[in-house]
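Have your viewer open and follow along.

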Amino acid sequence: MARALFDALPAAVEAPAPPRPARVWAAELSLRLERRGDRTVLAHAHHRGPLRVQKALYPETEGRADVLILHPPAGIAGGDHLSLHVELTPGAQARITTPGAAKWYRASGRAAFQDTHLKIADGAVLEWLPQEAIAFDGAQPCTRTDIDCTKDARGCGWDLWMLGRLAAGETFASGELRQRTRLRRDGRLLWSERIRLAADDPLRRSPLGWNDAGVIGSFWIIGLPNDESLLASCREIAEPGVQIGITRFEHGLWIARALGHSAEKVRTALTRIWSQVRPTLCGATGVPPRIWAT
């Protein structure tokens with residue numbers, strides 16, 4: 001079983017259950033995608049609160065669905081709780097992204113939460129590619145992601161964080177980022193990671209940690225064959241100002257990391273890795289979604 005070093009930390013670092021204050025902005029979105037004939041369709045979409053499907057598109061001839069998830073308020077404030085559940089049934093193929101960056105506002109002492117659960121069945125392929133999240137100074141984002149897949153499922157997904165509004169000259173001087181990610185195949189835990197990073201944590205400055213970078217990206221890929229040439233070509237990818245590393249575990253699991261000072265450059269680095277593996281992962285070229293260019 002492959003686990004990140006963070007998993008060795010005590011359970012206290014795991015994100016606590018969200019509080020239940022008198023007033024919170026709660027939002028839920030539940031999606032199920034099914035293969036019908038020569039295309040994948042959005043068979044079920046249920047929402048509560050401000051989380052919606054903006055559109056389902058078919059830009060590729062293989063019938064793969066491009067699904068855009070929209071959070072109309074554009075920002076997540078302290079006490080808010082978002083919940084997303086995405087299920088791909090056998091044979092379904094979908095690429096899910098967002099039209100813009102997620103903004104996590106100053107929390108004023110209250111954490112904000114996002115729970116994401118991704119289920120991928122046999123023969124299905126999920127590409128989970130949201131745009132970056134921006135933690136404003138004083139924000140307290142707390143995210144939990146669970147990926148459950150079967151033996152013959154394939155998928156990839158990333159998580160990009162910018163600490164502070166760097167383009168506006170804002171630093172992340174106060175606040176805290178908490179994350180928990182778990183990936184299981186047929187119920188067996190393959191990867192588990194927990195992070196608790198305060199604004200004043202020495203890890204942000206340490207060469208063994210963030211090394212003064214303001215942006216981090218993590219990219220998981222599951223279902224790739226044992227292809228040394230593909231791994232080597234991905235490890236040769238370079239982007240100016242970005243540190244990139246790729247670890248391959250057993251069971252066809254890859255974890256890629258990227259550190260930098262620009263969200264655009266970090267995303268470009270991970271996009272280049274995605275473009276390299278996509279033909280093997282789902283039999284399609286690595287053409288980014290059009291929404292990223294708008």
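**Charges, a pocket and rings**

R248 is partly exposed, with a relative accessible area of 28%; on this scale buried means under 20%, exposed over 50% and partly exposed in between, with a 1.4 Å probe and protein chains only. Before going further, please note that this is a predicted model, in which local features need pLDDT of at least 70 and side-chain atom pairs count only at pLDDT 80 or more, while totals for chains, interfaces and linings use all residues. Residues are numbered from 1 along each chain as its sequence is written, and side-chain values use heavy atoms, with hydrogens and water left out.

What does R248 form with E228? The two make a salt bridge, their closest N and O atoms being 2.6 Å apart; the term asks for a side-chain nitrogen of Lys or Arg within 4 Å of a carboxyl oxygen of Asp or Glu. This pair links distant parts of the chain, with E228 in helix 1 (residues 228-235) and R248 in strand 17 (residues 243-248), 20 residues apart. Helices (H or I, at least four residues) and strands (E, at least two) are DSSP runs, numbered from the N terminus. E228 is partly exposed too, at 48% relative accessibility.

R196 pairs with E176, with 3.0 Å between the closest N and O atoms. R196 belongs to strand 15 (residues 188-198) and E176 to strand 14 (residues 176-185), so this bridge ties together parts that are 20 residues apart in sequence. Here E176 is buried at 17% relative accessible area, whereas R196 is partly exposed at 41%. The other bridge joins E193 and R257, at 2.3 Å from N to O. Since E193 lies in strand 15 and R257 in strand 18 (residues 253-260), the tie spans 64 residues in sequence. E193 is buried, with a relative accessible area of 6%, and R257 is partly exposed at 26%. Elsewhere, salt bridges link E60, E62, R64, E127 and R278 in a network.

Now for the open space. The largest pocket has a volume of about 730 Å³. Of the 40 residues lining this pocket, A102, Q114, W128, P130 and Q131 are the closest to its centre. Strand 13 (residues 154-163) gives the most to the lining, with five residues. A pocket here is an open set of points on a 1 Å grid over the protein atoms alone, where a 1.4 Å probe fits, with protein on both sides within 12 Å along at least five of seven lines; lining residues have an atom within 4 Å of a point.

Finally, the rings: the structure holds five aromatic pairs. Rings of Phe, Tyr and Trp (its six-membered ring) pair if their centres lie within 6.5 Å, and planes under 30 degrees apart count as stacked, over 60 as edge-to-face and the rest as tilted. W104 and W161 form a tilted pair, 5.6 Å centre to centre with 45° between the planes. Both W104 and W161 are buried. W274 and W292 have ring centres 6.4 Å apart and planes at 55°, so this pair is tilted. Ring pairs link W158, F219, W274 and W292 into a cluster. The charged end of R267 sits over the ring of W292, 5.4 Å from its centre, a contact that requires NZ of Lys or CZ of Arg within 6 Å of the ring centre and within 35 degrees of the ring normal.

Notes: Grid points are joined across faces, edges and corners, and a volume is the space filled by probe spheres set on the points.
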